[in-house]
Amino acid sequence: MPASKLHDLKNAMEDVSNKKGHVGLVHFFFLLSVVLCVLLYAPRVFVVVPYRTDFFAAAVDPSSSSNRSAPMGVQLRRDGGNAGDGGASMAVQLDNQVRSPCSAMRNDSICCDRSDFNTDVCFMSGDVRTDAASLSLLLFPPPHQPPPASNVTATVEEERVRPYTRKWERFIMGTVQEVRLRRVVKRPEEKEAADQHRCDVVHDAPLLVMTAGGYTGNFFHAFSDGFLPAWLTVQHLRRRVVLGVLAYNPWWAGTFGEIISGLSGYPVVDLLNDKRTHCFPGAIVGTRFHGILTVDPARLRDNKTVADFHHFLAGVYEPKENDHITKPETMKKEPATTTTVTRRRPRLGIVSRKGTRVIENQASVARLASSVGFDVVILETANGMPLSAVYAAVSACDALVGVHGADLTKFLFLRPGHASLTQIAPIGISPIARDCFGKPSKRMGLLYEQYEVAGRESSLSRKYALDDVVLTDPETAVKRNGGWKFVANVYLRGQNVSLDLGRFRETLVRMHSHALLQSRQQPERR
């Protein structure tokens, strides 16, 4: 072969070698870019979730007639079977309370915490199915678990819970339905038991059993006994929980619909009237209780406070920013003008009660507040307004004043760290007033003042002499006259107030000064 040909062949081979090296480099950078994209856009694939209890996601046969309960964006397995039948695992922490005996429970087990004076709470991890006939939750073992030996009697582990936060009060607890929690150990010949509880509705989120009964028809108890404890118990699940409600009723669902939707992204299950078998990857029966309208951050893994509960309510009731966005093509263009922003007067809301504990000179109090410098809003109770409208009216206030009563629960709608609450405490109920609303409102960051009604300001002075023990020493009067019944009949149901305007003016001036200070320190809320 001529030397020139050999030289050309050598050069050609070097070109091919260089091209191969270039292609390899391109492949390397392509693979590197893919890995970086995965790390950037799918970090959860590489993150170890710091939870202990494994749920099995609901496994659903698409050809079956079973309903599925899942919010948008939730993926359910479609490889057949029932809840707990070996589906993809989803790790989640059922119990969010620190130092709880149930915070590290095993899979496929039942754990109950009965250490609290006010409430019992039980947790079920695994394949949980409802049995409407006996108001039971049945925990079935996983399919891969071997059955007990034939000479071993099948056992049923059972717990019973009344899911309400006043377990010390025998009368009202007797009105709350008892739920049975049963862990069934199946023998081979007992396969028909599982067949009888095949899933009609498969859920991909755990169940929370609570009640709309007890005292929750009262606004105060609806929050203190019901919704705040429920939020305490499941807020860490971020709406991935199904509410199973005892004593479900249209009034409760209609009045508190927004809060219910804020707690759960799923339809409510009416446990007493829904006869279908619902299947869940776990369950919580009962709710935690930290005290009257109280959230104790030291008892929660995520250190939430009552201010966080306020923010939850704000997220539920306040309109979203895009609710009021006008489409560009429909916007009316106005000529540019120069305006001077004037700061509004602080707004005072007066809670106007009907029947008992009424402010008899309310109109005079309103005029007095206006003269001090407030814009006054009268907040009528039991006026039929939707709770969203009530929230809007109260949350717009810089100060709230009212006689002790359930409607002062609306202090939860006020802005933490900004607003103030003045509770007018009629004779005989000062400690109750302080415990129900004084301490909780302070924990939420409100300025709190308790106005103690004097003997001459109470309507009881028209029935008892000013030096009567009923007016001068309520504690002794209560001991002499039968305890709580006397408090309820005389001090709560039998008393109105007529405020001393000169004395109450001092309170209003302090509230007004606080509102002005806050308005200077914080930007005007639009």
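Modeller: A residue is called buried when its relative accessible area is under 20%, exposed when it is over 50%, and partly exposed in between, using a 1.4 Å probe and protein chains only. This is a predicted model, in which local features need pLDDT of at least 70 and side-chain atom pairs count only at pLDDT 80 or more, whereas totals for chains, interfaces and linings use all residues. Residues are numbered from 1 along each chain as its sequence is written, and side-chain values use heavy atoms, with hydrogens and water left out.

As a background, 47% of the 526 residues of the protein chain count as buried, and the chain has 14 helices and 18 strands, these being DSSP runs numbered from the N terminus (helices H or I, at least four residues; strands E, at least two).

I begin with the paired charges. The structure holds 25 salt bridges, a salt bridge being a side-chain nitrogen of Lys or Arg within 4 Å of a carboxyl oxygen of Asp or Glu. One of them joins Lys410 to Asp407, with the closest N and O atoms 2.6 Å apart, and both Lys410 and Asp407 are buried. Another joins Arg299 to Asp116 at 3.5 Å between the closest N and O atoms. This pair links distant parts of the chain, 183 residues apart, since Arg299 is in the loop between strand S13 (278-285) and H7 while Asp116 is in the loop between strand S4 (109-113) and strand S5 (121-131). The two partners fall into separate accessibility classes: Asp116 counts as buried at 15% relative accessibility, whereas Arg299 is partly exposed, with a relative accessible area of 22%.

Arg182 lies in strand S8 (residues 179-184) and Glu158 in strand S7 (residues 156-161), so the pair ties together parts that are 24 residues apart in sequence. Glu158 is partly exposed, with a relative accessible area of 30%. Salt bridges that share partners join Glu158, Arg160, Glu178, Arg180 and Arg182 into one network.

In deciding which charges are opposite, Lys and Arg count as positive and Asp and Glu as negative, while His and the chain ends are not counted. Asp225, in helix H4 (residues 219-234), is buried without a salt bridge, and the nearest side chain of opposite charge, that of Arg166, is 4.0 Å away. The side chain of Asp225 does make a polar contact with the side chain of His221, at 2.8 Å; a polar contact is a pair of N or O atoms within 3.5 Å, where within protein one must be able to donate a hydrogen and the other to accept it, and residues adjacent in sequence count only if both atoms are side-chain atoms. Leaving out residues up to four places away in sequence, Asp225 touches Tyr164, Thr165, Arg166, Tyr215 and Thr216, contact meaning heavy atoms within 4.5 Å.

Arg357 is likewise buried without a salt bridge, and its nearest side chain of opposite charge is Asp407, 8.5 Å away. Asp407 is the residue that forms a salt bridge with Lys410. Arg357 sits in the loop between strand S14 (347-352) and helix H8 (362-372), and it counts as buried at 11% relative accessibility. Its phi is positive, about 50°, although it is not a glycine. Apart from residues up to four places away in sequence, Arg357 touches Val403, His404, Gly405, Pro426, Ile429, Leu492, Gln495 and Asn496.

Two further aspartates complete the account. Asp108, in the loop between strand S3 (89-91) and S4, has a phi near 55°, a positive value in a residue other than glycine, and is buried with a relative accessible area of 14%. Asp274 is placed in the loop between strand S12 (269-270) and S13, and counts as buried at 17% relative accessibility. The side chain of Asp274 makes a polar contact with that of Arg276, at 2.9 Å. Setting aside neighbours within four places in sequence, Asp274 is in contact with Ala132 and Val269. Asp274 and Thr130 are 144 residues apart in sequence, and their C-alpha atoms are 9.9 Å apart in space.
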